[in-house]
Amino acid sequence: MNKADILEKVKELGLLAVIRGPSAELTVKMVEALVVGGVKGIEITYSTPNAEEVVRTLAGKYGSRILLGMGTLTKPEQAVSAKAAGANFLVSPICEEELVKAMVASGLLTMAGALTPTEVFKAYSMGVDVIKIFPGSVGGPGYVKALKGPFPYIPMMPTGGVNAANAADWFAAGVVAVGAGSELCPPQLAKEGKFNEISQKAAEFVKTIQASR
């Protein structure tokens with residue numbers, strides 16, 4: 001898929017699971033449980049042990065059946081290695097110039113973190129495709145709605161503070177998708193081997209997202 005196709009897929013799914021797994025093995029099992037529950041947008045963060053190997057494993061297992069990306073990029077070289085591992089999109093919680101340049105140069109869909117109006121505009125001007133409003137919990141849906149006033153053309157996706165109870169409010173504010181971490185896939189459930197519960201949470205979350213739009 002090219003970048004435009006990936007963006008359309010993100011909009012279609014409306015949900016990216018942000019995975020900070022406790023181990024490589026458990027992370028793969030967490031993703032398997034999420035997919036069973038209907039979650040097809042997966043972001044493996046660099047804070048996950050052996051994150052790139054996890055992405056290679058998942059890319060080989062699922063191919064185009066899921067939308068797979070890497071997140072929490074903090075170093076320019078990670079943009080290159082994440083793409084080589086099989087990522088379809090790149091996400092960073094920050095908007096640092098050299099990092100964003102490397103992410104954009106990868107040719108993959110790029111999401112960089114911003115919060116203030118100045119940061120949002122700067123990130124978009126640098127070629128970021130979707131602005132990751134982070135942490136979303138700081139201002140909530142009302143803050144995103146305020147940002148969309150001067151920037152109706154900038155795609156935004158909140159991460160942090162997103163849950164099934166407020167998903168509809170985020171979409172009403174104008175976001176293209178939401179990122180959900182522990183609210184969707186608690187690492188503790190993986191540690192306890194409760195993968196059926198992760199699948200159930202995933203199914204409920206997906207149902208909520210579909211009803212929110």
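Biologist: Is Asn 50 buried or exposed?

Modeller: In this predicted model, Asn 50 has a relative accessible area of 56%. A residue counts as exposed when that value is over 50%, so Asn 50 is exposed.

Biologist: Where is Asn 50 found, and what is its phi?

Modeller: Asn 50 sits in the loop between β2 and α3, the helix of residues 51–62. Its phi is positive, about 50°, although the residue is not a glycine. Thr 72, likewise not a glycine, has a positive phi near 60°. The loop that holds Thr 72 runs between β3 (67–71) and α4 (76–85).

Biologist: Which peptide bond is cis?

Modeller: The one that joins Phe 134 and Pro 135, where omega is about -5°. Pro 135 belongs to the loop between β6 (130–133) and α7 (140–148).

Biologist: Let us turn to the strands. How many residues of strand β1 are buried?

Modeller: For this reading, buried means under 20% relative accessible area. In β1, residues 15–19, five of the five residues are buried, so the strand is largely enclosed by the rest of the structure.

Biologist: Which residues of β1 point one way, and which the other way?

Modeller: Leu 15, Ala 17 and Ile 19 point one way, while Leu 16 and Val 18 point the other way; all are buried.

Biologist: With which strand does β1 pair over three bridges in the parallel sense?

Modeller: One partner is β8, residues 178–180, joined to β1 by three bridges in the parallel sense. Within that pairing, Leu 16 has Gly 179 of β8 as its bridge partner. β1 also runs parallel to β2, residues 41–45, and three bridges join these two strands.

Biologist: Which helix makes a β-α-β unit with β1 and β2, and what is the hand of the unit?

Modeller: The helix is α2, residues 24–36, and the unit that it makes with β1 and β2 is right-handed.

Biologist: Finally, what is the volume of the largest pocket, and which residues are the closest to its centre?

Modeller: The volume of the largest pocket is about 190 Å³. Its lining has 13 residues, and the closest to the centre are Val 18, Arg 20, Gly 181, Ser 182 and Glu 183. One of these, Val 18, is also among the buried residues of β1.

Biologist: How many residues of each class are in that lining?

Modeller: The lining has six nonpolar residues, four polar and three charged.

Notes. Residues numbered from 1 in each chain as written. Predicted model: local features only at pLDDT ≥ 70, side-chain atom pairs only at ≥ 80, totals over all residues. Heavy atoms only, no water. Buried < 20%, exposed > 50% of the residue type's maximum accessible area, 1.4 Å probe, protein only. Helix = DSSP H or I, 4+ residues; strand = E, 2+ residues; numbered from the N terminus. Pairing = 2+ DSSP bridges. Right-handed = clockwise from strand over helix to strand, strands pointing away. 1 Å grid on protein atoms, 1.4 Å probe; cavity = no way out; pocket = protein on both sides within 12 Å on 5 of 7 lines; lining within 4 Å. Points joined across faces, edges and corners; volume = space filled by probe spheres on them. Nonpolar A, V, L, I, M, F, W, Y, C, P; charged D, E, K, R; others polar.
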